[in-house]
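Here is a short briefing for a reader who is meeting this structure for the first time. Please look over the sequence and the model before reading the notes that follow.

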Amino acid sequence: MSQVYRIISMIMILFLISCEDQADKNKAMIMNEITTDNVADGAYYFNLDSGVKDNASWHLVFQNIDVPFGGQQYKMPSFGLSASSMLAIDSSSDFESIETSPSPNAFAPEGGRMVYGGSHAALTYDMAVHKVGVSNYTYIIYDTVTHKVFKVHFDEYSGGIVIFRYAELAAS
Amino acid sequence: MKQFLFFIFSSISFIIAQTNDSIITGFVIDNETGKPLSEVNIYLPNEKIGTTTDVDGKFIIEEIETYPIALQVSYIGYETINQAIDRRAIEPLKFSLIKKLIKMEELVVTATRSKRFRSEAPISTEVISRKDIDNSGSRNVAELLSQRAGVSLQTSVAGGSILNVLGMDSRYILILLDGQPITGKFNNRVSLDQILTDQISRVEIVKGPSSSLYGSEAMGGVINIITEQNNKTREIRVSSRYGNTQYNFNESGLKDGSSNLGLSFAQPLKNLVFNVQINAEKIQKDKSVQQIDIDKVQKVTLGSDINWTLNDYNKINFKSNSYNQLDNGASKLMDTNTEIHRNNFSLSHQSSYQKGWNVNQSVLSNNYERNYIQKRPWGKLETDDLTSEKHLEYEILLNKKNQSNELNAGFEIYRANYSSDRINSGSQEIISKSLFGQYDIKIKNKINMIFGMRYDDYSKDYRVLSPRLGLMYRITEQWKLRTSWGQGFRAPSFLERFIDWNNVQFNYLIEGNPDLKPERSNGITIGFDYSHYTNNQFSLVYYYTDFENLIQDYSKSRGVLSYQNIYAATFSGFELSQQWQLSEKVESKWIVNWSDNRDESNNPIPNTIPFSVSSYFNINFLNNRFQSSINTKWVAPYKPQEFDVRTATYILSEEKINGYALINIRTTFKIKKSINLSLVLDNVGNYTNDNFGPFIGRAAYLEFSTALITKDR
């Protein structure tokens, strides 16, 4: 009988362990899809950790910025990062397949890379068809306060609204 | 019984006529078929009188005072007969006309607004025939024209595509549908992808300014898309096509391809001939539409053409064309729907009078509507732009023709109404009146000269005078020299004059300029051509057109864009073409185009393709059961246009686009006498350029067509 209890106990433990692993994995890879407000209505601040719009504590900002154009200033939609966030760009991997954070030395201050006109701007303006489009980069964002890492991908821009997806990454 | 009585009556008339010396009678038949020919010109050059044959090929000429007389019998497509007649002829005269060997000869109408053989037209005209259209495998006129050397499709900064013809933006080339301007433009240009090739019989291209005949927009040339149907038999024709791009095939397999279904029907009823055409096309997830964020396009055209011959001198024609397009695009953030409706109606009365006078009166009504709706998936309406145009026109054309000269004159009056949420006061209207005349004179069968002039009055805002001179010198029977000079203009569009639109997204305003002047052109063409009726046509044309007052957008003040007349340019080039029927089974055609287009500072104009070659080769084999044609086009390296963000202007790119070749192959298998199955492979080399086009790679179409001829007239 004790043999039976022992086998049942081991199965239960294995089950719990497997559930726990799976739960951790699922937690790491929960994908969130966010639809912003219209940028024409004002700046939109988003906290990746809490997953809500938050004007006080945020990682991403979506706002209109002044862009010089032919000697004049025009308002263009742009994304930016908070001062407490650092940025790494992944242009080679598929967004879905990225599961772990890159090494810490891959991160650097945003430094204007992500904003309109930057080297890896999230939103671009196609002069050929007069249309705003989204880049295909994956933006890896490191929160220097909580030490959490998130991957972000911008899926679509239309008439002042953006859809983006993000997920928290496991430490490397 | 009716026919018997008619025969008796005709015979009595003939007998009576023959007893009278002042009257001559006769009849004209086709030498080959023996059938009577109607509307044959019977002319007495010395007496300067004439008539035409009736539906039974018979004619009577009265009031002949002296004999002998010289009599001339002429008919388009047949050898002319010159014969001396003395008074002793007591039988009705019989003339058997012999058909000219006109395998490669076509009737053209665009250069003079009257029918001429292409080889005889004083202004050089290129024809893309129905056969060329079939062998091209093109779905619409944009695709058809872009296969030709000297024509290219560019991405428009305001959406859609711009067709460049001979290096010129298509807004400087007047696009006509059956001789009439097309109402409803997008971004000041006709959307040629909205005209499906299934409904057209031929396309005529005239190079050089032609505003003396057609008025506004004919600055660099005219492209006339002709739907004319000449069915004399009851006929039902059905065609079906399924196509798939390589990209699409890999993604979705067969289910998301493009399909086209066409049906045409002709029914002659004594003096009435009905032609009805229906064509439906569905394009799904094709690269051509995905480029503009559209998932699905549906196009339906319905055309009808009714010809009623009242008697020998009067004909009535009613023509209608209805085009409907629905575009759908959906994403997580926006559902976009565009509805386009274009309805054209025309009623014409053609009458013939004594001494070669013909009068053609037409009333035309064209309506266009475009509704662009953007709605969020959660229900919020973002955009609802409705643009509508109404065009009502009356025109009268007079034509008098004899052996040595021809006069064409006309008067047009129209009212055009444009309403849009994007223009001042929401609606604008103009009334335009135009008067034109063209005189064409032949001198000793060697020289053909043409003088034309047109006066346009646009609601008293603009008054434009457009002259044209043309000369054809027949060096030999085969070789001809043609040259022409003309002025053209383009009246500023409603949008350029009255737009008042704020781009909320980018926070700039576009203001129209009501004081804009018409754009003007001044151009010459000169060329030689060789035409052998049976198998060979060759031509070399040089064209030079000087443009001034071109309208360009500019930054009026901070955040405000507007239009002004500032720009000048010259467009010039050579075009060499040959069409050669090597044998009954083998035919080839090629065009070589050199273009040199410069702005006012003598810098090359962006998007000019300096050199391009297109060729077409067709072969029939296995007793004409198989037909295979290859269309190729090679485009030399050229510099495109790019946007300079520092100056906010479009400039010539430093980087050249490499030369490329496009090859299309079409093979048709004749299953039975009137059942054809075709396989078309477009862009065999799979060349694409995501920024400047072509956007669609390799594509395949399968087409089935059948003609059911049930009864002769």
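Two strands pair if DSSP finds at least two bridges between them, and strands (E, at least two residues) are, like helices (H or I, at least four residues), DSSP runs numbered from the N terminus. This is a predicted model, in which local features need pLDDT of at least 70 and side-chain atom pairs count only at pLDDT 80 or more, while totals for chains, interfaces and linings use all residues. Residues are numbered from 1 along each chain as its sequence is written, and chains are lettered from A and ligands numbered from 1 in the order in which they are written.

**An open sheet in chain B**
- Strand β5 of chain B (residues 69-74) runs antiparallel to β6(B) and is joined to it by five bridges, with B:Ile69 standing opposite B:Ile85 in β6(B).
- These strands belong to an open, antiparallel sheet of four strands in chain B, ordered β3-β2-β5-β6.
- Because β3 (49-52) and β6 (81-85) of chain B stand at the edges with a single partner strand each, one side of each is left without a neighbour in the sheet.

**Chain B as a whole**
- Chain B has seven helices and 43 strands.
- Of its 713 residues, 35% count as buried, that is, 20 or more other C-beta atoms, placed from the backbone, lie within 10 Å of the residue's own.

How values were computed:
A residue is buried if 20 or more other C-beta atoms lie within 10 Å of its own, exposed if 12 or fewer, and partly exposed in between; C-beta atoms are placed from the backbone.
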